[in-house]
Amino acid sequence: MQKKYACVKYVHSRVTVYYTSKIELKWRRSLHSCAVCDVAQLKKLGLPCGAIHYGICTAVALPFPLNLVNCKKPTGTPAKKPIQRVQPKVISQPAVSNAKEDSLQSILRDECPQEKEKEPNSHPVIVPHSTEDKENKPKRRDLPTPRTSVHSSANIPKFYFPMGRPPKIDNTDSVLQKVAQEFSNLEGGKAYKQQMGLIAKACGVPFYWKCPLFRGSGGDKQGYITYQMFASMWKKLMESYHDEASRFVKLLAKPNCNYLDDDDLVPLVQDVVESHPGLSFLQEAPEFHSRYINTVIARMFFSINRLWTGRVTVQEIRQSNLLRTLALLEDEEDINQITDFFSYEHFYVIYCKFWELDKDHDLFIDRGDLARHNDHALSSRVIDRIFSGAVTRGENFKVGRMSYPEFVWFLIAEEDKRHPTSVEYWFRCMDLDGDGVISMYEMEYFYEEQMQKMEAIGIEKLPFEDCLCQMLDLVRPKHKEQITLSDLKSCKMTNIFFDTFFNLDKFLEHEQRDPFANVRDPETDGPEPSDWEKYAAEEYEILVAEEGANEQEEIHYEDDFEPDDDDSLGEEIIRLADVPQRKSSPVVRQNPADDIYDFSTKNLGY
């Protein structure tokens, strides 16, 4: 239904002559019905109030043509002294035909369509009155200013480019010429998945874009692509998607989707496993491909998906370092040098930690299994919060069970509490009522168990009042008596804050640590490694040393008995099924002068 509005008309109210200059003033006059006026008499006639009011009532559209009727003051309001209005002397004067007058009439016709049919030949000229008339005349304030029309030729440049800013020079044809030359060198003009690296380099994209290009051209259906298939895909891609992030998402996402989920990234990581020289040793253990792929994808979502939606958008890809990391894979042969996402050492640490807790090896752990992590360092109350679904993404949540990707999130958040996602992870655990703030009651709830543990092991406990003062001084929240997520993100010592309420061992470690122990040498090159990278490096050395010691013990027992070939083969299969395989087997030293307890990576063949 079309909405009715009050009738608006521009009226020439006064033409004043100062010396030889004529000044025309005009304002909008709104003709409307009013609910304030006493319309008892008007209701009998079926007519609305047609009086003109100045800011004392709300304009209402007239249902039918207006008939002006005198209004009365509303009952119940104090009477005011009526203002005597002096009728000005109006002298008719013929209109002056000049350019200024014509422009004024054109503006009037544009603003008020009702005046298009009427073109008056004369305008009233009001002669200024005496000073007494000016004093008696009511003052008019806040008069509505005439609305100026927007020029039709106004050009506002586009400033929002969700798929990237279009380039000034289109090089699609030159790229396709290089691609056509590469296809001409292939047998039958067909490019298979193993040959897509040449096509990717001809397009000017990183080497490990070869799998997305192959799938985007329809190669997953036929097993190969032709030049016509690739050219059709590339033209559509370059026409609508103008930066690397939008093209990357378009190539990997499902049809009609502008985001990536877990399944969309599986072919990309699988291609890295199959083609990167630093992961060639994994070809002998295909059963661990899925474990490595799940770890890499979980780490990607932990760092990239800042909205916790389980869907990576184009904007999140732009703000992350995923594309830069993919480009580094081409130049770096040692996969462990890529500490973001793809490091095999990090995967080895995560999977071994999970394998130690998962006693039945069904790739799920429960509350009891997680409580054994790090020798029961975590409090039971925070474990209950983790299994309550407060930090679980997606629809795969199972009550009382934690999957392997969820454990990846937990372990990184536990060991690197200064990461933005880790801060959000533990903030959700502490925010019991979900009001967006951590109150003193919630801090006391988690600190009670810490005091019980300190009392049980004979350590002098710190009262909650003193602990609260320390935490407030540490975080320095904007509002007293409550801590918000922004307060914790702006704090540089969030790890100490969360360890105080969750992890007693780390809390005591912070209390006894030398404050100058972690002072970094300013002459050291490169960025400082994160807490997670430090933890993964230390744990990997420990795991390698333990495995080396176990293998040394096996070597001493070889003199006593020699197992059959079939038995040794069965033991090898069991070993591969238990823990992930490392790069190569340890080298057995023949020189007795070598130290058997030297577990350096050089002697172990790493």
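Guide: Phe502 is buried, with a relative accessible area of 0%; buried means under 20%, exposed over 50% and partly exposed in between, with a 1.4 Å probe and protein chains only. Trp426 is likewise buried, and its relative accessible area is 0%. The model is predicted: local features need pLDDT of at least 70, side-chain atom pairs count only at pLDDT 80 or more, and totals for chains, interfaces and linings use all residues. Residues are numbered from 1 along each chain as its sequence is written, and side-chain values use heavy atoms, with hydrogens and water left out.

Aromatic contacts come next. Searching the whole structure gives 33 aromatic pairs, where rings of Phe, Tyr and Trp (its six-membered ring) pair if their centres lie within 6.5 Å, and planes under 30 degrees apart count as stacked, over 60 as edge-to-face and the rest as tilted. Phe281 and Tyr344 are edge-to-face, because their ring centres are 4.9 Å apart and their planes stand at 90°. Phe281 sits in the loop between α10 (262-275) and α11 (289-304), and Tyr344 in helix α14 (residues 344-357), so this pair ties together parts 63 residues apart in sequence. Helices here are DSSP runs (H or I, at least four residues), as are strands (E, at least two), numbered from the N terminus. Both Phe281 and Tyr344 are buried. Trp426 and Phe502 form a tilted pair, 5.2 Å centre to centre with 45° between the planes. That pair links distant parts of the chain, from Trp426 in helix α18 (residues 420-430) to Phe502 in helix α22 (residues 494-502), 76 residues apart.

Helix α18 also takes part in a charged contact. Glu424 and Lys489 form a salt bridge whose closest N and O atoms are 2.7 Å apart. Glu424 belongs to helix α18 and Lys489 to helix α21 (residues 485-490), so the bridge ties together parts 65 residues apart in sequence. A salt bridge is a side-chain nitrogen of Lys or Arg within 4 Å of a carboxyl oxygen of Asp or Glu. Glu424 counts as buried at 10% relative accessibility, whereas Lys489 is partly exposed at 40%.

The whole structure holds 19 salt bridges. One of them joins the side chains of Arg367 and Asp384, at 3.4 Å from N to O. Arg367 in helix α15 (residues 367-371) and Asp384 in helix α16 (residues 380-387) are 17 residues apart, and their pair links distant parts of the chain. Arg367 counts as partly exposed at 37% relative accessibility, as does Asp384 at 39%.

Helix α16 itself is largely enclosed by the rest of the structure, because six of its eight residues are buried. Those buried residues are Arg381, Val382, Ile383, Arg385, Ile386 and Phe387. After α16 comes Gly389, with a positive phi near 95°.

Another salt bridge pairs Glu528 with Lys534, the closest N and O atoms being 3.4 Å apart. Glu528 is partly exposed, with a relative accessible area of 47%, and Lys534 counts as partly exposed at 33%. Elsewhere, salt bridges that share partners join Glu414, Glu415, Lys417, Asp499 and Lys506 into one network.

Finally, charges over rings. Lys190 lies over the face of Tyr224, 4.4 Å from the ring centre, and Arg401 over the face of Phe364 at 4.2 Å. The criterion is NZ of Lys or CZ of Arg within 6 Å of the ring centre and within 35 degrees of the ring normal.
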